Each structure stands twice: as C-alpha cells, then as structure tokens.
Amino acid sequence: MTDFQQKLNLQSYLLKDWAGTPLDDACFLRILNPNGFQPPLIWCFNAKHEFPMLADALGPDQPLIGLRSMHLVARMEPGRALMDAAMGDHYANLLAAHLPEGPCFVGGNCQGVPVALRVALRVELAWRKCLSFIAMEWEPCLPLPLPTTLLFGAESTMFNPYLRGDPDAAARWTLLFAKARCQIVPGGHGAYFTEQNITALASAIRRGMSVGPKDATPDIPPLRITTSATEADTGASLPLHLDLGAGQLPEGLSLAHIWRDAATGEVMPVAGQQLAVQGPHQVNVAAPARPGQWDLIVFPTLPPLGPVQWQDHLEPVARISVTCRDRAA
C-alpha cells in the first residue's frame, strides 16, 4: 500500500461522521443545502464542525460541498505540498465524476487552501467553470487566473500580512490572480467558526463569490520562455530568453517567476519584473538562496487581469541544480 493510499484511508475514516449527503460511494464529498439554486461552493475545511456552521450561515440557497484538508493526515514537513496536490487531484477526479457540469466557486481555510487551490486549477483546466477562488488564512503561492479573495483575521498575527508588516503582499497577489482583493474578518486564527464570528465570515465569503467575472484579456502574441541554464550558484543570475513573436504586447505586462523545490513541491513566494514591450528579449532571474534541485516556473501576467496565456506556462521551463559554492576558496 502506498503512503498516499494509507493517507486516503485515514481521511476516509475521519470523514465517516461528517454532516451532509455523500456524493460519492466512498463519502469523500459531502453536500449541504443541496436544493439551493446558487452555483455550488466547494470548500476545503480543517474540521467537521466548520462545515455545517458555514452551511447554516450561508443559508439554504447556497449549496455547499465539503472537502477535508490534510490536517492530522499529513505532517507539516517537507513533501506536504505534494500530498496536498495529490489530495486535490483526488477530490477533483471525484467532483468531475459526481457533480454535474456548470459553474462553481472554490475555496478553503488554513490547511485547506493548498488542496482547494489544486481543485480550482483542475476545475479551470478541465470540466467546469470556476467563477472565483477564496483563500482564508493561507496565502497561495501558485498562479490562478481567477478572481481571488484573500481573507485574514483582524487579530491573526501569524497569517495576516498586514499585521506581519509585509509591504509586498498586495503586489504579489496582483501578479498571481485576477481581480485580487483582501478582506479582514473579525477574530484570530482558529476563532472564525464560532457563534461570535461565523456570520461575518459568511458575509465575507458571499462578497468573495459576488466579485464578478474577470475582465477580458487583450490579444497578446504567443510568448515562449526558455533558458539554457541547468546549474547555478545560490543567488546567481540566470538568463531567461523571451521569444515574443510578432505584434505588440500591452504596456504593463510582467514576467513572474516561481521556484518550486523538485523534491518536496515547496514553492517560494512569487517574484516579478517588468518586460520590454516587443521583440526578442532576455531578462535575468536570481537562483534560490537554498541549494537543491529546483523547478523554474515562469508566466506572463498583466495586473489587475492576472496571469495571461496561463495554460501555456504551467510546466517548468527548466530544472536547475543549485549549489552553494565556497566563494572564499
């Protein structure tokens, strides 16, 4: 039995007494408010009490499909990102098989966010239309060309970027998401699914679902991004070669790059830089400060529209072996 299959078995055990009507035979997917006329909200929770509380607060018109995060199933250690992605794929496969086609919303809280992000990615790529994504108390690090709302607690000193003194958060979000916006909800981490705060949380989620579709993306010539580099020192500059083809790129187009640890799936925070307007170009990116095998993911983005030509830039442009050379030697 594989490690992931063992975790699926544990997940199934933890879900056995959750509220809601099962949608699949193994009861991984549950639904509350099934007769509501709104597009369903697919939400990844940490604990079983959160699901019925949110369903009640949202009201009977809002169908809510409950998923469970890897909380207590997988440890917060190197490789957790791979487990979250695998769980998201499992849920997405079940949703594709058991939920009728049509628009939906996707979101999650805390450790549910990376699982929900994987579900939203799969939804947007394949079988239905995701209208918006909502992330609560966890900042996604991968691009998603959807209207995205980020929720943080007013007293959440660990997760709220404004309480942490992070001046670059909003700039990162405009590169990663379409129509990115942040809402502050009452309470601190772990205190949102309570009688005191659940009404405010549900209101914030409803606002996240009412943001409206993303704006139309202007015509942009195909952009091919390559690099000849395969090795680098920590922090060294790596060349990216840009083939912009013919035509004029819109002013403000940026190139965002992500470093993902090839062994663990851990993603470093996004960074971005301005592109020139047209023609063949080269820009440089800095290698990670930590040695190892790293996948370099690069995508064009046009704030506030978010990532463009997204489906063409999901795969890494290269795997880079990063070493820490003794510069004093």
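Is histidine 313 buried or exposed? I looked, and histidine 313 is buried, at a relative accessible area of 8% (buried is under 20%, exposed over 50%, partly exposed in between, with a 1.4 Å probe and protein chains only).

Ground rules for my notes: this is a predicted model, where local features need pLDDT of at least 70, side-chain atom pairs count only at pLDDT 80 or more, and totals for chains, interfaces and linings use all residues. Residues are numbered from 1 along each chain as its sequence is written, and side-chain values use heavy atoms, without hydrogens and water.

**Around histidine 313.** I found histidine 313 in the loop between strands S15 (292–301) and S16 (318–323); helices (H or I, at least four residues) and strands (E, at least two) are DSSP runs, numbered from the N terminus. Beyond four places in sequence, histidine 313 is in contact (heavy atoms within 4.5 Å) with Leu223, Ile225, Ile297, Val298, Phe299, Pro300 and Val308. A polar atom of the histidine 313 side chain sits 3.3 Å from the backbone oxygen of leucine 223.

**Helix H3.** I checked the length of H3 (residues 80–98): its 19 residues should span 27 Å at 1.5 Å a residue, and the end C-alpha atoms are 27 Å apart, which agrees (the expected span is 1.5 Å times one less than the number of residues). Among the buried residues of H3 I noted Met83, Met87, Tyr91 and Leu94. Their cover includes helix H1 (3–15), strand S3 (41–45), strand S4 (64–68) and H4.

**Isoleucine 205.** Leaving out residues up to four places away in sequence, I listed Leu41, Trp43, Leu54, Leu58, Ile134 and Leu151 as touching isoleucine 205.

Methods:
Polar contact = N/O pair within 3.5 Å; in protein donor to acceptor, adjacent residues only side chain to side chain.
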